[in-house]
Amino acid sequence: MRLLSFAVAALALIALVVGQQSGSTGMLGMGVVGVLLTVATWRSAGISYFLKIFSGIFGTEYVIFGLGAVLSQVGWWPQAWAAAAPPTSLGTTVAVFGILIYVISFVPVVRRIADLASPYFLAQDPSSMNLGPLGRYPMKLGHFAVAAVVFLIVLNQAQVGISLRINFFYRDFYNALQEKNAPVFWDQLINVFGVWAAISVISVLIETVANSVLLIRWREWMAAEYNKRWLQNSNHYRISLAGTADNPDQRISEDTRSFLNQTYAFSLTLITQVSTLVSFSIILWSIPVAITVPGTDIVIPGFIFWATLIYAAIATWITHLIGKPLIGLEFEQERREANFRFSLARLREYSEQIALMRGETAERRHLGETFGGIVTNFYNLLWRRLKLTTFTLSYNQANVVIPFLLLAPYYFAGAIAFGVLTQVSSAFGRVETAMSFFINSYQSIASYLASINRLTTFETAIAQAEAQAAGAPGANIEMDEQPGPDAKVKDLTLNLPNGTPIVTVPELTLPAGRATLVIGPSGSGKSTLFRALSGIWPFGKGQVETPADTRMLLLPQRPYLPQGTLRAAIAYPAEPDAFPDAELRAAMDKVKLGHLAERLDEVDLWGQRLSGGEQQRLAVARALLAKPDWLFLDEATASLDEKLEGEIYAMIRRELPQTSVVSIGHRSTLREMHEELIAMERNPDGTHSPRVRAMEPAA
Ligand SMILES: Nc1ncnc2c1ncn2[C@@H]1O[C@H](COP(=O)(O)OP(=O)(O)OP(=O)(O)O)[C@@H](O)[C@H]1O
């Protein structure tokens with residue numbers, strides 16, 4: 001950016017000098033905006049990378065077009081290319097764009113968009129660009145992204161140039177018609193329109209391919225990045241406990257898609273629209289009609305230009321007033337849709353329990369209520385959209401006749417030719433489309449803002465979860481290493497998410513290599529203590545110390561079985577092929593699941609297919625394969641009969657002699673299988689504390 005600032009500054013100075021000497025106001029103007037652009041590009045070093053790309057493009061274009069204009073002014077531009085010499089207005093326009101990029105970087109919503117978009121352009125992952133017949137060119141993903149955006153912006157600007165050329169074709173074509181000049185008519189139709197229309201079609205095709213590839217790669221990267229950050233350090237669990245971001249699935253799938261599509265549409269379309277606005281405004285400005293201020297002799301030049309501008313500005317303001325509530329309504333609609341999807345997914349997951357309890361009526365009522373919420377909000381949306389559409393449709397209808405209304409007196413008075421009238425009508429249409437970009441896209445702006453909000457709150461929720469995981473010393477649960485073999489807990493207080501303390505542990509040692517049983521009343525915080533020992537419970541403070549490189553495994557009462565094969569379910573969280581078949585089968589035999597050994601590669605909903613006891617034994621098989629240093633069993637065998645439970649415990653101790661076992665269980669028979677006993681006892685303040693008790697046979 002710094003180098004570019006110097007180049008811009010140099011050109012601005014040259015333009016000022018040349019402008020001063022030649023007396024060209026256009027050149028002087030280009031020099032003045034160049035000075036402002038120098039400041040903007042210099043300061044742009046501190047803005048988001050995404051905006052910097054745009055800033056860089058406009059700065060570079062200013063140098064190129066500005067140089068062309070200077071060369072042409074001083075007579076060094078090749079004569080043969082005289083028609084292609086860039087006018088000073090081109091350099092001035094791109095400089096204004098560059099300055100605008102810097103100015104809008106202060107708008108909060110633009111900052112949020114740029115902050116969400118920038119990381120992709122900085123990605124260092126290896127990638128490649130497919131150059132068709134030229135083969136694949138390896139490059140970093142971020143470089144690919146920048147190259148694609150630069151290409152697309154330049155292509156979009158070229159398309160504006162093409163439409164400008166076609167606008168001039170209209171003038172010459174209709175004039176030829178009016179003058180009944182057949183040779184010019186055919187020449188215009190075949191050699192001008194035919195060529196430029198073909199170029200226009202080809203450029204749109206190239207743009208479609210380039211932007212689709214950019215967007216799908218961008219989305220793939222963004223979804224992977226969110227998945228990574230959401231899943232690491234159990235952030236997903238912390239976010240769900242804290243309730244800081246509902247429906248993360250919607251945010252990762254739907255919102256990334258709509259955010260990227262709309263960011264592309266708004267940034268590139270906006271540039272195209274503004275370029276269109278500027279170029280066609282020049283045409284409108286040059287139409288030789290002026291108006292006199294009533295009661296005075298003051299003549300206002302560029303009458304049609306001003307009329308268009310004021311007309312569009314008023315319409316835009318009215319649109320904003322009518323459409324503003326749409327933003328909140330769109331946000332709410334997406335949220336309610338996501339809740340409905342979630343309810344359906346849950347119903348599918350708990351289908352058996354619901355069927356057994358004949359819960360269908362309650363479920364239908366719940367689904368009806370959830371959808372009712374969608375419908376209520378939908379009607380509010382519809383009502384608001386109707387108001388907006390009434391205005392935009394009437395406005396668009398009026399646009400067809402407005403230029404004719406404005407110019408009719410001049411045409412009938414013979415001040416302008418028919419060709420000019422049609423040219424103005426087309427230019428007015430283009431300027432109107434550009435100006436009404438905001439009007440026509442207000443609804444998508446509303447849903448775009450809703451996506452930005454959801455992604456920003458999701459980012460904040462992830463950042464909060466990360467901060468919780470890192471924690472401030474003394475204000476969170478610290479997971480430390482300690483030299484001895486035992487696991488120790490010191491000055492630990494565990495709270496509920498609302499801050500209410502439920503467990504206090506002044507000091508507790510879990511002896512290594514032993515089997516410890518934790519008992520206590522239901523709701524006394526046994527599972528919460530286990531969660532804290534595993535490092536996933538974020539609420540509370542104190543210290544949990546375990547030996548270095550300790551591998552812990554916690555088996556809950558209801559194990560999680562992933563989608564896919566039985567092999568994947570047993571190997572989880574390792575890869576499905578992490579263990580040889582023989583090892584898997586041996587583990588299955590030991591937990592008495594040998595009868596399923598032939599179905600290892602069968603894909604099924606195993607979480608619904610296997611019985612509760614089978615699922616618990618499958619989880620024990622995982623422990624046999626993973627061979628953890630510490631195994632926490634949170635009522636992990638509660639679905640087995642007492643005899644089988646005893647056999648499974650004996651097998652665990654036999655097969656994993658090095659593993660320290662800590663269990664939660666309510667059955668008295670469990671005592672025989674453990675050597676140590678810890679009981680959760682109630683304190684006067686209502687919390688519970690684990691206390692070591694002598695292991696006596698249960699009464
Ligand atoms: N995410 C949560 N949000 C709010 N309260 C919670 C949450 N998780 C646990 N609790 C509450 O914390 C208390 C302790 O729960 P915990 O599951 O640790 O008890 P437990 O001793 O294991 O019970 P049980 O023997 O019935 O399994 C309960 O009152 C429970 O409702």
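This is a predicted model: local features need pLDDT of at least 70, side-chain atom pairs count only at pLDDT 80 or more; totals for chains, interfaces and linings use all residues.
Begin with two helices, α3 (residues 49–73) and α5 (residues 108–121). Their axes lie 6 Å apart and meet at an angle of about 75°. Angles from 65 to 115 degrees count as roughly perpendicular, and α3 and α5 are therefore roughly perpendicular to each other. On the α3 side the contact is made by Tyr-49, Phe-50, Leu-51 and Ile-53, while α5 supplies Ala-114, Ala-117, Ser-118 and Phe-121. Sorted by class, the residues of this contact are seven nonpolar, one polar and no charged.

Next comes the ligand. The residues around the ligand include Leu-241, Leu-496, Pro-497 and Ile-502, and also Gly-520 and Ser-522. Which helix gives the most to the shell? That is helix α17 (residues 526–534), with three residues. By class, the shell has four nonpolar, seven polar and one charged residues.

The last stop is helix α21 (residues 612–626). At 1.5 Å a residue, its 15 residues should span 21 Å, and this agrees with the end C-alpha atoms, which are 21 Å apart. Several residues of α21 are buried, among them Leu-618, Ala-619, Val-620 and Ala-621, and also Arg-617 and Arg-622. What do the buried residues of α21 pack against? Their partners are the strands β10 (552–555) and β13 (630–634), together with the helices α18 (566–571), α19 (581–590), α20 (606–609) and α22 (642–655). Just after α21, Lys-627 has a positive phi of about 45°.

Technical notes. Residues are numbered from 1 along each chain as its sequence is written. A residue is near a molecule or strand if its C-beta atom, placed from the backbone, lies within 6 Å of it. Helices (H or I, at least four residues) and strands (E, at least two) are DSSP runs, numbered from the N terminus. Ala, Val, Leu, Ile, Met, Phe, Trp, Tyr, Cys and Pro count as nonpolar, Asp, Glu, Lys and Arg as charged, and the others, Gly among them, as polar. Axes are lines fitted to C-alpha atoms, for helices over the stretch in contact, and angles run from 0 to 180 degrees between N-to-C directions. Angles under 35 degrees count as roughly parallel, over 145 as roughly antiparallel, 65 to 115 as roughly perpendicular and the rest as oblique. Two residues are in contact if their C-beta atoms, placed from the backbone, lie within 7 Å. The expected span of a helix is 1.5 Å times one less than its number of residues. A residue is buried if 20 or more other C-beta atoms lie within 10 Å of its own, exposed if 12 or fewer, and partly exposed in between; C-beta atoms are placed from the backbone.
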